[in-house]
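Visitor: I have this one open on my screen and would like to go through it. Can we start with the strands?

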Amino acid sequence: MRLIIREDYDEVSEFVANYIKERIRQFEPTSERPFVLGLPTGSSPIGVYKRLVSLCKSGKLSFQNVVTFNMDEYVGLPRDHPESYHSFMWEHLFMHVDIKPENVHILDGNAPDLDEECKKFETEIARVGGIELFLSGIGPDGHIAFNEPGSSLTSRTRVKTLAYETIIANSRFFDGDVAKVPKLALTVGVATVMDAREVLVIITGAHKAIALAKCIEEGVNHMWTVSAIQMHPKGLIVCDEDATLELHVKTVKYFKSIEHVHQSLIGSENLSLQGGVKQLKNIISSTNNRPTTPME
C-alpha cells in the first residue's frame with residue numbers, strides 16, 4: 001500500500017486527476033478493450049472531476065473508450081432528483097466529457113427487483129473484464145460506498161439499510177428533514193471494490209484523520225471498512241496534511257521518505273506510474289556515479 005501526502009485538498013485533487021489521466025493514457029483503451037473505472041460520489045471527488053473535465057476539454061484526456069461503474073445509489077429516489085447520485089454524476093462529470101452514455105453504469109434504485117439489480121451489476125462488471133481502477137472517498141467513520149462500520153469485508157453489491165447517523169448526516173441535503181432522506185441504498189460491497197486491479201482512496205480533512213490512522217496504523221477491521229485496502233496488492237491512498245493529524249510522526253516521515261527516495265534517488269524515469277521499478281541497471285549506475293557526502 002502506498003500513501004501519498006499533499007498539502008491540501010486542491011493538491012490532492014490535482015494529483016489524483018493527473019494519475020487517472022496517465023493510467024488511462026498508458027492503458028491505451030479501445031472499444032474492444034476499454035478502461036474500466038469505478039467512481040464515487042460525495043464531496044471527496046468533486047475537485048478530481050472538475051480537473052478531469054478540464055483535461056478532457058483541453059484534449060489531454062478522452063473518455064471515448066472508458067466504461068464506468070458507480071459505487072452506490074439511493075433506493076426510491078427519482079433519477080432526476082437533485083440529490084440522486086445519477087444526477088450528481090451527470091452534473092459533475094458525465095455531461096461535460098466525451099463518454100458514451102451506454103458506457104455509464106449506475107445502480108437503479110427504482111428497479112422492480114432490487115436484489116436482481118445488484119446481481120446484474122456484478123455480472124456486468126465481470127462481463128467487461130473487471131474494474132481496472134476503483135476511485136473512492138471515505139466517510140469520517142472509515143466507510144467506503146455505503147459499507148458502514150460492521151459491513152462484511154467479503155460483501156458484494158447489495159441493498160443496504162442506512163445507519164441512523166448516516167440518515168441524520170444526509171438530512172442536510174434534504175432541507176434538514178430526516179423524513180425525506182432515503183433509508184435504503186444500493187451499494188457495491190467491500191469485496192467488489194477490492195476486486196479491482198487497483199484501488200485509489202482520497203482522504204482529506206482533519207475530520208477524517210482518525211479514519212486514516214485506523215487504516216494505516218492498525219489492522220484490517222470490519223468496523224473501519226477502508227482498512228481492507230491493506231490487503232490489496234495495488235492500494236493507493238492520497239491524503240492532505242490535515243488528514244495526517246492522528247498519525248504518528250514517524251509514520252508520516254516514513255511515507256514522505258519513500259516518496260523522496262522515489263523522486264530523488266531512484267528517479268521518476270525509472271519508476272512505473274504505480275511505483276514499480278522499470279530500469280534497475282540505470283538506477284545502480286546513476287546511484288554509483290552520484291557524489292557522496294563525507295560522514296562527519
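Visitor: In what sense do β1 and strand β10 pair, and over how many bridges?
Guide: This is a predicted model. In it, β1 pairs with β10 (residues 235–240) in the parallel sense, over five bridges.

Visitor: Which residue is the bridge partner of Ile 5 in β10?
Guide: Cys 239 is the partner there.

Visitor: And what is the order of strands in the sheet?
Guide: The sheet is open and has seven strands, in the order β1-β10-β9-β6-β2-β3-β5, with parallel pairing. The edges are β1 (2–6) and β5 (104–105). Each of these has a single partner strand, so one side of each has no neighbour in the sheet.

Visitor: Which strands does helix α1 lie across?
Guide: Helix α1 (residues 9–27) lies across β1, β2 (35–39), β3 (66–70), β6 (133–136), β9 (199–203) and β10. The angle between α1 and β10 is about 150°. Helix α7 (residues 209–217) lies across β1, β9 and β10, at about 145° to β10.

Visitor: What about the nonpolar core? Which residues touch the most other members?
Guide: The largest nonpolar core has 42 residues, and those touching the most other members are Leu 3, Met 194, Val 201, Ile 203, Leu 212 and Ile 237. At least two residues each come from β1, β3, α4 (114–127), α6 (190–194), β9, α7, β10 and α8 (249–266).

Visitor: Which element gives the most to this core?
Guide: That is α7, with five residues. There is also a second, separate core of 34 residues, which includes Tyr 19, Val 66, Leu 93 and Ile 106.

Visitor: Back to Met 194. What is it in contact with, leaving aside neighbours within four places in sequence?
Guide: Met 194 is in contact with Ile 144, Val 199, Ala 228, Ile 229 and His 232.

Visitor: Which backbone oxygen does its side chain reach?
Guide: The side chain of Thr 225 reaches the backbone oxygen of Asn 147, at 2.8 Å. Not counting residues up to four places away in sequence, Thr 225 also touches others, including Gly 142, His 143, Leu 153 and Val 190.

Visitor: Last one. What does the chain average in pLDDT?
Guide: The average is 92, and 92% of the residues score at least 70. Over residues 291–296 the pLDDT is below 50, and that stretch has zero contacts in the model beyond near neighbours in sequence. Where pLDDT is low, predicted coordinates should not be read in detail.

Terms used
Residues numbered from 1 in each chain as written. Predicted model: local features only at pLDDT ≥ 70, side-chain atom pairs only at ≥ 80, totals over all residues. Heavy atoms only, no water. Pairing = 2+ DSSP bridges. Helix = DSSP H or I, 4+ residues; strand = E, 2+ residues; numbered from the N terminus. Contact = heavy atoms within 4.5 Å. Axes fitted to C-alpha atoms, helices over the stretch in contact; angles between N-to-C directions. Polar contact = N/O pair within 3.5 Å; in protein donor to acceptor, adjacent residues only side chain to side chain. pLDDT = per-residue confidence, 0-100. Core = buried A, V, L, I, M, F, W, Y, C linked by side-chain atoms within 4.5 Å. Buried < 20%, exposed > 50% of the residue type's maximum accessible area, 1.4 Å probe, protein only.
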